[in-house]
Amino acid sequence: MAGKSWLLELEAMKCSTRSASPAMSTSNTTSTPHARHSIHIYNNHRRNQLRPLLSMNGCSKQETSIATPLGTIQTLSFPPVSTPALAMDSLNSALHQLRSKPPPFDSGIIRLQVRIEEQIEAIDWLRAQKQEDELLPRCFFSGRSHKNSNTPHDFLSNNHINGNKNHVNGNSNHHYENLSDNDDSVVSVAGVGCAVFFRHISPFSFHHWRSIKRFLSKKCPLIRAYGGIRFDATAHISSEWKAFGSFYFMVPQVEFDEFEGSSILATTIAWDDALFWTFGMAISQLQDTMRQISSAIVRLSKEVPNTFIVSNNHVPSKSYWDLSVNRALQMISRKNSSLIKVVLARSSRVLTTPDIDPLIWLACLQVEGENAYQFCLQPPDAPAFIGNTPEQLFHRDSLSICSEALAGTRARGDSEALDLQIELELLSSRKDHHEFTIVRECIRRKLEAVCANVFIEPGKAIRKLRRVQHLYAHLTGRLRSEDDEFYILSSLHPSPAVCGFPTEEARLLITETEMFDRGMYAGPVGWFGGGESEFAVGIRSALVEKGHGALFYAGTGIVEGSNSSQEWEELELKTSQFTKLMKLEALSLDAKRG
């Protein structure tokens with residue numbers, strides 16, 4: 001009855017909080033046994049501590065802990081307020097009360113949220129959270145715009161402010177209440193600090209997936225783990241990608257959710273006594289983070305200010321690229337070769353003055369990237385991985401799942417007539433049709449392995465972005481089991497669009513050919529929720545580090561009929577969303593040098 005008694009105390013807490021009656025929900029999840037995994041809970045009490053304080057790496061006691069479901073998973077919703085400052089007051093008051101009445105569970109995760117009656121851009125909120133030492137991790141994810149979009153799903157679109165029903169569990173007692181009739185869709189999410197994060201150098205496995213799902217619940221749909229996975233977990237991790245491990249996911253400590261017409265400010269507490277991380281330690285850490293949070297909003301300019309390119313170095317160089325493409329074509333043309341397509345990539349290190357601010361770049365990419373996902377993932381004391389990707393890997397809502405095939409690239413025309421001419425040329429290109437068919441049919445077969453039925457509509461169309469256009473197909477199906485989520489993730493990645501076909505032959509050639517670490521470029525980036533998840537493909541992306549400039553990544557598919565010079569031009573086109581932000585400044589700098 002301890003759980004029920006604690007809920008009654010929380011009910012009494014309503015009268016003493018500044019925001020009056022909170023709506024509360026508690027849900028207990030049940031999990032199947034988990035094997036070895038890695039969970040880290042970050043401690044920022046000591047400002048000079050750069051590593052996670054606690055981790056579970058597979059000893060028997062930790063395995064037992066993971067086999068046990070969390071004691072409670074809850075969302076506490078407080079009445080709406082008019083400003084972020086009032087939301088901060090409400091959350092700080094609630095945290096003070098919660099600290100005085102700790103939950104009677106050995107483990108759990110609790111989200112406290114306050115709705116703000118104004119739509120504020122999440123990226124503006126994140127930009128206001130300045131850190132001198134960058135010890136706190138941060139993340140940002142944004143869905144695709146509905147405007148002029150031929151895409152039926154967005155990165156965050158089906159997540160609602162509250163679940164239709166919330167489960168209150170005090171031992172065996174249950175109560176359901178409807179917390180919200182709003183179906184407002186999440187536009188973007190920003191997070192600072194980690195309630196819990198998940199990282200390991202070993203490849204992302206089913207057990208890692210189960211360890212993440214342990215902290216999630218269908219009853220609390222906005223408790224989510226955001227992150228990404230390396231393109232090739234078997235490849236050596238270079239120094240610039242070390243902080244990301246083989247995969248990195250985080251449940252933010254402090255989160256700002258942007259909706260159509262409103263916003264939510266939320267805090268999340270996670271604890272587990274078996275990991276020697278108590279509720280008291282977790283809430284102390286959260287309150288320390290809250291003291292660093294600003295309620296002021298910095299409206300970001302959508303232009304990169306006075307950025308000069310000091311140097312721009314491509315790996316590979318154009319001459320080595322020509323050799324690599326020709327070698328790949330020779331392998332594809334061999335009679336005894338099963339290789340049909342390989343995607344070769346390029347890394348371009350750009351040094352600028354002053355330093356590139358990844359969030360300002362991301363704000364600019366939002367203007368560039370209509371019909372694309374934007375993301376930023378930055379572990380503590382590490383570079384920021386940012387991107388503006390048009391490609392969805394998959395979206396799952398309960399048993400429903402959808403994916404996309406994207407291949408073939410052309411520039412947009414300067415006029416409507418020229419744009420249509422380029423579109424028709426792309427649609428009629430035999431080489432691009434061949435490449436596109438490989439991608440679409442591979443995704444179809446992988447969906448059919450775990451779905452009862454798979455439908456393709458449209459089978460072949462054009463996806464238009466600001467600077468480029470692609471061949472596109474949309475695939476839908478119904479999973480036989482929600483546990484198939486992990487298998488569809490591991491099966492769809494890497495797709496022929498970013499690796500090649502057959503996958504293993506293409507991956508081996510990439511390993512032999514490329515002279516840089518892709519890291520999370522072309523890997524899955526997105527989020528897991530209790531009953532829903534969505535991942536994009538981390539292309540059109542960059543790794544930005546203070547004092548070290550940025551690494552831009554781009555790739556292109558090599559099939560029979562490819563030309564190395566034309567493929568190089570495609571790389572330039574794909575990175576233009578980054579480089580054109582600095583183009584005029586680079587030219588003016590060149591003029592000054594001349």
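Author: Let us begin with a term that will be needed at once: contact means heavy atoms within 4.5 Å. Please keep in mind throughout that this is a predicted model.

Reader: Which residues of helix 5 and helix 11 meet?

Author: From helix 5 the residues are Phe 206, Trp 209 and Lys 213, and from helix 11 they are Glu 485, Phe 486 and Tyr 487. Sorted by class, the residues of this contact are four nonpolar, no polar and two charged.

Reader: Why are helix 5 and helix 11 called oblique to each other?

Author: The axes of helix 5, residues 206-213, and helix 11, residues 484-492, come within 10 Å and cross at roughly 130°. Angles over 145 degrees count as roughly antiparallel and those of 65 to 115 as roughly perpendicular, while the rest, once the roughly parallel ones under 35 are set aside, count as oblique. Helix 5 and helix 11 are therefore oblique to each other, and the crossing in which helix 5 passes helix 11 is right-handed.

Reader: What makes helix 5 mostly covered?

Author: Six of the eight residues of helix 5 are buried, a word that stands for under 20% relative accessible area. The buried residues are His 208, Trp 209, Arg 210, Ser 211, Ile 212 and Lys 213. Trp 209 and Lys 213 also take part in the meeting with helix 11.

Reader: How do helix 7 and helix 13 cross, and why is the word oblique used for them?

Author: The axes of helix 7, residues 318-333, and helix 13 come within 9 Å and cross at roughly 120°. The range for roughly perpendicular ends at 115 degrees and roughly antiparallel begins over 145, so helix 7 is oblique to helix 13. This crossing is right-handed, and the contact is made by Lys 318, Trp 321, Asp 322 and Val 325 of helix 7 together with Ser 564, Ser 565, Glu 567, Trp 568 and Leu 571 of helix 13. By class, these are four nonpolar, two polar and three charged residues.

Reader: Why does Gln 577 count as buried?

Author: Gln 577, which is found in helix 13, residues 564-579, has a relative accessibility of 8%, and because the limit for buried is under 20%, Gln 577 counts as buried. The C-alpha atoms of Gln 577 and Leu 365 are separated by 7.3 Å, although these two residues are 212 residues apart along the chain.

Reader: How do you know that Leu 509 is buried or exposed, and which residues is Leu 509 in contact with?

Author: Leu 509 lies in helix 12, residues 503-513, and at 2% relative accessibility, under the limit of 20%, Leu 509 therefore counts as buried. Leaving aside neighbours within four places in sequence, Leu 509 is in contact with Arg 327, Ala 328, Met 331, Leu 339 and Val 342.

Reader: Why does Asp 432 count as buried, and what does Asp 432 touch?

Author: The place of Asp 432 is in helix 10, residues 430-448, and because its relative accessibility is 3%, Asp 432 counts as buried. Not counting residues up to four places away in sequence, Asp 432 touches Gly 408, Thr 409, Arg 410, Leu 426 and Leu 471.

Reader: What makes Ala 522 and Arg 540 worth a remark?

Author: Most residues other than glycine have a negative phi, and most peptide bonds are trans. Ala 522 is found in the loop between helix 12 and strand 23, and Arg 540 in the loop between strand 24 and strand 25. At 0% relative accessibility Ala 522 counts as buried, and Arg 540, at 8%, counts as buried too.

Terms used: Residues numbered from 1 in each chain as written. Predicted model: local features only at pLDDT ≥ 70, side-chain atom pairs only at ≥ 80, totals over all residues. Heavy atoms only, no water. Axes fitted to C-alpha atoms, helices over the stretch in contact; angles between N-to-C directions. Helix = DSSP H or I, 4+ residues; strand = E, 2+ residues; numbered from the N terminus. Left-handed = near helix turned anticlockwise from the far one by under 90°. Nonpolar A, V, L, I, M, F, W, Y, C, P; charged D, E, K, R; others polar. Buried < 20%, exposed > 50% of the residue type's maximum accessible area, 1.4 Å probe, protein only.
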